[in-house]
Amino acid sequence: MQALQSLADALLGFLTPMSLFHVLWASLLGIFVGSLPGLTATMGVALLTTLTYTLDRDAAILVLICMYVGAIYGGSRSAILLNIPGTPASAATSLDGFPLAQKGQAANAMALATAGSALGTLVGIVLLVMLAPPLAEIALDFGSFEFFWLALFGIVISGQLTGGGSVLKGYIAGLLGLMVAMIGSEGIHAHVRFNLGMSDLNGGIALIPAMVGAFGFAEVLTVMWRPKGEMVEAKGESTRALPRMIDLWRYKFTIIRSGIIGTIVGIIPGVGEDIGAWSSYAAAKKLSREPELYGKGSTEGLTAAETGNSAVVPGALIPALTLAVPGSAPAAVLIAALFIHGIRPGPMIMIEQPDFIYNIAAMLILATLAIALFGLSLTRVFIKILKVPRELLMPIVFTLCVIGPYALTQRVFDIWVMLFFGLAGFVLRRMNYPMAPLVLGIILGTLLDKSLRRGLTLSNGDLSPFFTRPISATFALIIGASILLSIPAVRRTLLRLLPGRRQAHAQEES
Amino acid sequence: MFADPRTADRITGLVLLMLGIAMLVGGYTMDRLEIRQIHPASIPGLVPMGLGAAMIICSLLLIHSSRGQNTQAIKTEQGSARNLFVSIALCIGYAVGLVGKMPFALATGIFIFLFALYFSWTAEGSRSRSKLVIFTALFAAVFSGAISLLFQYGFLVRLP
């Protein structure tokens with residue numbers, strides 16, 4: 001009840017003309033960014049962080065949240081119409097969205113995607129309000145030992161789940177991120193490490209220029225490198241943009257289940273919207289009465305994917321706010337933005353600023369309303385936006401990549417950092433290295449480093465508290481087990497030992 | 001561009017191996033701040049040493065696993081290397097060569113004009129060349145001006 005009251009107060013607080021204006025333009029820009037292949041949610045949030053630093057705290061965070069929600073939703077447009085996901089989060093959407101568009105049901109597909117995204121975000125918001133306060137309370141018991149494991153847990157799990165076919169590449173990406181975080185003055189003795197003789201590196205590598213490079217410049221290069229996408233010409237297209245209520249009612253369980261799966265995936269550190277969409281899609285297919293339609297234009301599959309990816313947004317903010325561990329790449333940028341605006345995310349947030357979580361939930365609700373409004377009313381406008389030629393859009397994006405990081409610190413060095421991470425990000429992505437563990441490594445490196453050394457100082461060099469304290473021991477066991485299980489030989493041996501799996505495994509091998 | 005993933009993985013593995021060794025050695029030889037009498041368990045090189053060791057293990061595993069890969073089974077995405085290199089050249093030329101050497105609006109205008117013109121020129125079915133040049137020049141002038149004004153007067157940034 002108290003939570004509802006706080007949420008209502010927060011919502012009322014944002015019902016001012018200026019706040020609503022910010023909600024409208026930022027959500028619209030977010031949908032625009034998300035719908036254009038090559039512009040991702042992470043890039044949008046990173047670039048907008050550089051543009052909103054002069055706004056007051058609540059307005060800036062509101063704008064960033066609206067951009068995040070809008071961009072994740074906007075990705076469905078190009079997934080449905082071009083078969084190119086506007087953001088990686090919409091990859092699962094294209095599996096059924098594009099076949100639906102080819103059948104002349106593009107408007108219906110976009111309407112369902114809108115409804116799914118809005119409902120998914122709402123499920124996530126409910127869970128955010130329910131889970132964030134108790135999680136922050138649990139996290140109050142965390143000491144250096146637990147924070148060390150938490151940081152490691154984030155990188156290991158993110159590396160495993162985003163590595164695609166190669167977990168090893170996920171781990172390597174995480175290690176590279178941690179190594180980047182080792183550059184500059186360390187947090188305990190202020191000793192400068194690995195500055196390579198450059199005084200500009202004494203303060204370390206800032207996250208925003210690195211993210212703008214890895215998600216902005218790298219995307220510009222990717223878009224120009226790839227062949228152009230062809231848009232589906234709608235045939236016999238109806239102008240109706242509202243979803244059929246009967247469809248939504250038919251898929252009520254799919255929507256609730258996908259919303260919960262998406263939120264849980266969001267809570268797992270560094271595992272973002274794409275995994276949320278795929279997990280929800282896989283679960284929906286498994287439990288569907290019509291699994292054979294999946295991949296050929298299933299409206300249920302489309303709804304599951306869109307609900308799943310949008311529910312990740314509130315989910316990813318749960319650990320970001322309560323533990324300062326981002327649940328996704330855009331959430332990592334949001335953490336950096338929170339610090340810029342003087343908010344310290346972490347376990348103390350419920351003590352220092354108890355209303356802040358409800359403010360975030362209210363911002364998410366407003367963003368959801370905005371995407372529903374724009375999504376259902378501006379269908380044709382967004383079809384036109386998708387026709388903006390990449391050769392006109394990309395130089396403008398790159399100009400913003402150059403001036404954005406510079407605007408934050410007024411240092412030309414940050415432009416070089418952006419260029420370096422852009423080129424490195426492009427090469428790594430082409431070789432199937434996931435970006436999420438890298439980002440997580442950069443943001444969690446300091447926490448891992450300080451927690452390990454502080455913990456060892458507290459225990460006078462004794463490692464045992466890292467394994468004997470209950471929460472630490474649990475983290476250590478999970479990390480150890482997940483690393484072991486990611487080794488193919490160990491997994492094969494375990495599968496052989498499980499009696500039920502033995503036969504299936506034998507069949508697989510034959 | 002990355003035609004053979006096995007070779008790419010092997011080369012990356014070697015680069016990462018060197019990086020891991022450098023990190024391990026860098027951490028080991030890093031100042032232990034004895035003069036400040038810090039706790040030996042809190043030396044600044046501790047975590048870099050651990051990361052270096054972990055990277056050495058991962059890079060060796062990567063090199064090892066690249067041997068067993070079946071290149072036939074790996075799908076590589078295809079793109080235009082020419083477009084990529086032109087994009088890199090234009091972007092770096094702008095960020096390193098133009099920005100800071102002339103007024104920001106002019107540098108941005110030149111960059112947008114060249115980028116948009118090159119790729120529109122090479123695109124199939126483009127309008128007549130003279131119209132294209134005029135349209136691109138106008139487009140570059142409007143957007144470079146708008147971005148410069150926004151940052152200079154909207155966000156009060158001293159442009160590079």
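Predicted model: local features only at pLDDT ≥ 70, side-chain atom pairs only at ≥ 80, totals over all residues.
View 1. Among contacts in chain B between residues at least 6 apart in sequence, 66% join residues at least 24 apart.

**View 2. Helices of chain B and their overall extent.** The secondary structure of chain B consists of five helices and zero strands, and along the sequence the pattern reads α-α-α-α-α. Chain B is more spread out than a compact globule, because its radius of gyration is 25 Å, well over the 15 Å that the globule rule gives for 160 residues. Taken along the principal axes, the C-alpha atoms of chain B fill a box of roughly 65 × 55 × 20 Å.

**View 3. The contact between chains A and B.** Chain B contributes 54 residues to the contact, and chain A contributes 45 residues. On the side of chain B that touches chain A, the elements that give two or more residues are α1 (5–29), α2 (46–68), α3 (81–98), α4 (104–122) and α5 (129–154) of chain B.

**View 4. Composition of the side of chain B that touches chain A.** Which element gives the most to this side of chain B? The helix α2(B) does, with 10 residues. Sorted by class, the side of chain B that touches chain A holds 39 nonpolar, 12 polar and three charged residues.

Key
Residues numbered from 1 in each chain as written. Chains lettered and ligands numbered in written order. Contact = placed C-beta atoms within 7 Å. Helix = DSSP H or I, 4+ residues; strand = E, 2+ residues; numbered from the N terminus. Nonpolar A, V, L, I, M, F, W, Y, C, P; charged D, E, K, R; others polar. Rg over C-alpha atoms; globule rule 2.2 N^0.38 Å.
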